[in-house]
Amino acid sequence: PKTDIVFLKVHKSASSTVMNILFRFGETHNLTFAFPIGGGNQLFYPHHFLASFVKGFSPRSPQRFNILCHHMRFLQSEVQKVVSRSAVYFSILRNPVQLMESSFMYYKGTSAFSRAHSLEEFLSHPYRFYNPADPNSHYAKNLMTFDFGFNPDGEVSAKRVQLMLKAIEASFDLLLISEYFDESMVLLKEMLCWDLDSIVSFPLNIRDSSTKFPLSGTIVEKIKEWNRLDWEIYIHFNRTFWERIDRDIGRERMQREVKALRERRAELARTCLQGMGSVAPKDIKDSSLQPLQHGNAKILGYNLKQGLDKATERMCRRLVTPELQYSSALYKKQFAQKRL
């Protein structure tokens, strides 16, 4: 199994669920994480990543960490200073249309979105609300482009798009697609040589459907146009994703693998969860499993079954612990020995 991993956590793209998978694997195998100085869950985002953001990094005696997965704005030359040369790089993409709709709800407090009453209003006159100079403007335009380290306000020329796609391909071994999450997990499992239980998960940091709204065809087209660079990235890597499945796995085997993954997830849900699925924030009984609520989104969570034996309880709890709580527990564990 591969243990040196860089995951570029793209915003609002099922990346919290992927992070849970990495946290569990890292904890089980006693791996080190590249944590932000002072804990927290972002590596001084939205600044481009620097090795000096990582707790325990020193240029004089560079320590290599196994897993780098907290929010960052990608800069490979700096990332290479904190992970081994053989590290596997991957990320996850989401259709920019759904991504924008989700961002609008989640980042409602940002300068670009706070004054617009609806996404429609924002898109009808974006420059009324959007100012590239605002410190949090990146949430409102080409967010994936920004997370990968590029300029979200750059011109959209064929040449520039090609350069961007080539740069991403040169840096990353695999790009997953959140709309095909289970297929993505099978590809990830293959690439990392992990077993099924390492990649099985319950969806985390997901919104209650009451805060999701259908989008008209006109709005969809406006979103694509406004996030043209993101759209180009998504279309390209959605195509190479399926090419890779055909080349490395084949559709029939992929179907079998996805079926096995879904069966295992259902089995774990029966073992671990009260009521088999996610619940609204107000219905979460254990406050330590309460996910962070943000913007106008309602983030769902889980209740564990009572009376589980110790080992099962521990396994189930890991599967449903929200990102911030899990990250902070791992941070304490990793740096506990150092303080003695």
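Let's start with one cysteine in this predicted model: Cys-69 is buried, with a relative accessible area of 0%.

A disulfide is a covalent bond between the sulfur atoms of two cysteines. How many disulfides does a search of the whole structure find? The search finds one, and this disulfide joins Cys-272 to Cys-316, with 2.0 Å from S to S. Cys-272 sits in helix α13 (residues 251-272) and Cys-316 in helix α14 (residues 310-320), so the bond ties together parts that are 44 residues apart in sequence. The link of Cys-272 and Cys-316 is left-handed, with -70° about the S-S bond.

Here are the cysteines side by side:

| Cysteine | Relative accessible area | Class |
|---|---|---|
| Cys-69 | 0% | buried |
| Cys-272 | 0% | buried |
| Cys-316 | 0% | buried |

Next, have a look at helix α11 (residues 217-226). Which of its residues are buried? They are Ile-219, Val-220, Ile-223, Lys-224 and Trp-226. Seen down the axis of α11, these buried residues fall within an arc of 165°, so they line one face of the helix. They pack against α3 (96-106), α5 (119-124), α6 (126-129) and α12 (228-248). On the other side of α11, you will find Gly-217, Thr-218 and Glu-225 exposed.

Terms used. Residues are numbered from 1 along each chain as its sequence is written. This is a predicted model: local features need pLDDT of at least 70, side-chain atom pairs count only at pLDDT 80 or more; totals for chains, interfaces and linings use all residues. Side-chain values use heavy atoms; hydrogens and water are left out. Buried means under 20% relative accessible area, exposed over 50%, partly exposed in between (1.4 Å probe, protein chains only). Helices (H or I, at least four residues) and strands (E, at least two) are DSSP runs, numbered from the N terminus. The arc is that of the directions from the helix axis to the C-beta atoms. Contact means heavy atoms within 4.5 Å. A disulfide is a pair of cysteine sulfur atoms within 2.5 Å.
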